[in-house]
Amino acid sequence: MTFNNPSLDPECLPALEHAPLTPVSRRLAPCQALLRLIHWAFIVTVAWLFPVQHELQAQWQPWLAAGVAGLGVVVIVLGWLETRRRGYGLREHDLIYRRGLLVRRIQVLPLVRLQHVETLSNPVERAFGLVRLACFTAGGRGADLLLEGLSAERAEAVKQHLLMCLAATPEATSPESDRP
């Protein structure tokens with residue numbers, strides 16, 4: 001057996017930025033906005049009702065609650081815009097997930113490293129008909145790629161495709177098969 005590792009020309013590699021991506025469900029934006037609204041409503045309530053000992057601090061408490069509420073609105077709006085820009089791509093050898101508004105994050109998961117796939121959804125996501133797809137690789141503590149914003153039907157189709165890719169991994173490429 002001879003080892004061969006030829007050099008690749010970086011100019012000939014496919015550009016990841018030009019990979020066609022499918023947008024996630026449009027229902028993800030209102031779902032995420034509702035989840036953030038619940039979160040920030042709790043924080044504003046705590047800021048409004050927190051007992052204050054000094055009179056001077058009590059005068060500023062409504063302004064503090066209003067400032068926290070304003071910050072919550074900004075976070076909800078930015079979250080809405082961010083979820084509208086998310087996309088994923090399923091290619092022959094990898095799964096791509098793009099997210100982010102100000103800081104763009106692109107995750108690429110090679111399918112040869114994939115070991116386990118599961119679907120997740122909380123009650124709010126189920127009310128919107130959405131599912132998260134968690135993809136795990138060897139050695140990780142949690143999901144290496146969490147694809148959010150898929151409809152239940154689309155998540156199941158992607159999951160089945162990934163599971164078929166797992167099942168189609170040839171045994172001939174495993175290190176044990178190279179032994180005499």
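Residues are numbered from 1 along each chain as its sequence is written, and side-chain values use heavy atoms, with hydrogens and water left out. Because the model is predicted, local features need pLDDT of at least 70 and side-chain atom pairs count only at pLDDT 80 or more, while totals for chains, interfaces and linings use all residues.

Salt bridges come first here. With a salt bridge taken as a side-chain nitrogen of Lys or Arg within 4 Å of a carboxyl oxygen of Asp or Glu, a search of the whole structure turns up four. Glu82, Arg86 and Glu148 are linked in a network of these bridges. On one side, Arg86 meets Glu82 at 2.9 Å, N to O; on the other, the closest N and O atoms of Arg86 and Glu148 are 2.6 Å apart. Arg86 sits in the loop between α2 and β2 (87-90), whereas Glu148 belongs to strand β7 (residues 145-151), so this pair ties together parts that are 62 residues apart in sequence. Helices (H or I, at least four residues) and strands (E, at least two) are DSSP runs, numbered from the N terminus. Arg86 and Glu148 are both buried, as is Glu82; buried means under 20% relative accessible area, exposed over 50%, and partly exposed in between (1.4 Å probe, protein chains only). Elsewhere, Glu125 and Arg132 form a salt bridge with their closest N and O atoms 3.0 Å apart, and both of these residues are buried too.

Next, the surface. Val73, Val74, Val77, Leu78, Trp80 and Leu81 make a nonpolar patch of about 500 Å². Patches consist of residues with over 30% relative accessible area and no salt bridge, like charges being joined within 9 Å and nonpolar side chains (Val, Leu, Ile, Met, Phe, Trp, Tyr) within 5 Å. The areas come from the Shrake-Rupley method with a 1.4 Å probe, and for residues only the protein chains shown count as cover. Val77 lies in helix α2 (residues 55-83) and counts as partly exposed because its relative accessibility is 44%.
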